[in-house]
Amino acid sequence: MIAKSRYLLILILLVIVPSAMAGVKETKHNFTSPTYSPNAYFWGTRQVCVFCHAVHNADQTYGPLWNHEVNGAQSYTMYSSQTMDMNQSASPHNGSLICLSCHDGTIAVNSLSNLPGPEAAGNYGTPGGPGLDVDGKLTSSSTAFVGTDLSDDHPVGITYDAGKDNDFVPKAGNPTAYPDKLLYQGLYVECTSCHNPHDNTYSDFLVESNDNSALCTRCHTK
Ligand code: HEC
Ligand code: HEC
Ligand code: HEC
Ligand code: HEC
């Protein structure tokens, strides 16, 4: 009996351990390998984090140790509707700009501020896969393409204020861990409110399961 339960324990551990260790490299945000990125990957690349972060000479303007090219002057068509009550900025904040720098299709996915090896900006690897054009930009045929027209997407660039609308859950403090880290810098609704770029446990890189619309009702009291 003891031996059997030991086997059972080992079996359980074998099942649990890999999922506990799931990280960026097991997601579509690993652009090094056709295994995880059936649409978008880059031949000749070996590093995963470097597409978004650099350990040295990073650009702190947009995100933590940020390494992907961002065009701060890019204009976006924002969501608009008559029933919006909260303040919306004229353009998304950094918590969305860093995602859109790849997902709006205007900048190559492999355009980095600091390439591995030489200390220089440039393109890392050669584009492969059907979701990318020859320059490494996401094409509109990719399911990952969001574009610069955000008028048909959940609003971003919103300063969250439940005081302006009774249909929202009041939020206080600035939780730093998912899934409670819903507001970028504790203030704004941005892409990072709903998505965690490192973890695809709940698919679509969601910060938590959206079964029974649990994610939506963290903010909406609908
Ligand atoms: C596709 C882009 C992308 C890749 C690849 C990526 N990250 Fe990130 N990372 C981000 C974004 C975006 C943020 C900012 C998230 C936010 O502000 O909510 C971030 C934030 C972080 C942070 C600080 C905040 C936190 O979540 O702890 C750390 C640390 C980090 N990344 C480490 C890594 C490491 C290590 C790797 C590689 C194993 C990696 N990242 C790969 C996009 C990426
Ligand atoms: C360095 C470029 C880059 C950055 C930065 C980046 N992404 Fe991505 N992301 C991609 C590419 C390319 C794909 C498609 C990969 C594929 O299909 O093989 C993708 C896939 C996704 C997918 C899955 C889409 C699908 O078709 O299954 C989601 C969701 C997503 N990204 C959200 C985000 C969010 C949110 C952020 C910011 C927090 C972000 N990404 C930052 C390049 C990026
Ligand atoms: C209010 C929450 C929320 C915000 C904010 C949000 N997303 Fe999403 N996103 C989702 C959900 C939920 C899904 C899954 C929807 C589905 O499967 O149709 C999704 C799916 C996606 C996908 C997969 C393709 C698709 O259309 O289904 C991409 C890519 C994506 N989001 C990128 C972004 C980017 C980039 C931003 C910021 C500009 C963003 N998201 C902001 C909730 C959000
Ligand atoms: C991080 C908080 C947050 C999350 C999570 C969230 N929303 Fe929102 N949502 C908002 C805010 C804030 C607005 C803008 C409200 C305003 O200005 O009155 C909004 C606006 C909307 C609107 C447009 C309302 C209008 O008046 O035009 C819809 C529809 C919506 N959300 C649906 C969803 C759905 C569906 C989900 C789950 C996938 C979701 N939201 C998740 C915060 C959130």
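Of the 222 residues in the protein chain, 35% are buried (under 20% relative accessible area with a 1.4 Å probe and protein chains only; exposed is over 50%, and partly exposed lies in between). Before going further, a word on ground rules: this is a predicted model, where local features need pLDDT of at least 70 and side-chain atom pairs count only at pLDDT 80 or more, while totals for chains, interfaces and linings use all residues. Residues are numbered from 1 along each chain as its sequence is written, chains are lettered from A and ligands numbered from 1 in the order in which they are written, and side-chain values use heavy atoms, with hydrogens and water left out.

Now the overall layout. The protein chain has three helices and six strands, which are DSSP runs numbered from the N terminus (helices are H or I with at least four residues, strands are E with at least two). Read from the N terminus, the order is α-β-α-β-β-β-β-β-α. The C-alpha trace spans about 65 × 50 × 35 Å along its principal axes.

On to the metals. Donors here are N, O and S atoms within 2.8 Å of the metal (3.2 Å for Na, K and Ca), and since water is not among the atoms, sites may look incomplete. His 29 is in the loop between helix H1 (2-20) and strand E1 (41-43), and His 103 is in helix H2 (residues 94-103), so the pair ties together parts that are 74 residues apart in sequence. His 29 is partly exposed at 22% relative accessibility, and His 103 is partly exposed with a relative accessible area of 22%.

What coordinates the iron atom of ligand 4? His 154 (NE2) and His 220 (NE2) do, at 2.0 Å. This site is octahedral too, with angles of 87 to 179° among its six donor atoms. Here the pair links parts 66 residues apart: His 154 in the loop between strand E4 (126-128) and strand E5 (158-159), and His 220 in the segment after helix H3 (191-194). His 154 is exposed at 53%, and His 220 is partly exposed at 27%.

The loop between E1 and H2 is worth a stop. Asn 67 lies there and is buried, with 0% relative accessible area. Its side chain reaches the backbone oxygen of Val 50 at 2.9 Å. Val 50 also turns up in the second largest pocket, where it is among the residues nearest the centre, along with Ala 54, Val 55, Asn 114 and Pro 116. That pocket's lining counts 13 residues in total.

Asn 57 has a positive phi of about 50° although it is not a glycine, and it sits in the loop between E1 and H2. Leu 65, in that loop as well, has phi near 45°, again positive in a residue other than glycine; Leu 65 is partly exposed at 41%. Finally, the peptide bond from Tyr 178 to Pro 179 is cis, with omega near 0°, and Pro 179 lies in the loop between E5 and strand E6 (188-189).

How values were computed
1 Å grid on protein atoms, 1.4 Å probe; cavity = no way out; pocket = protein on both sides within 12 Å on 5 of 7 lines; lining within 4 Å. Polar contact = N/O pair within 3.5 Å; in protein donor to acceptor, adjacent residues only side chain to side chain. Tetrahedral: all angles 85-135°; square planar, octahedral: opposite > 155°, others 65-115°.
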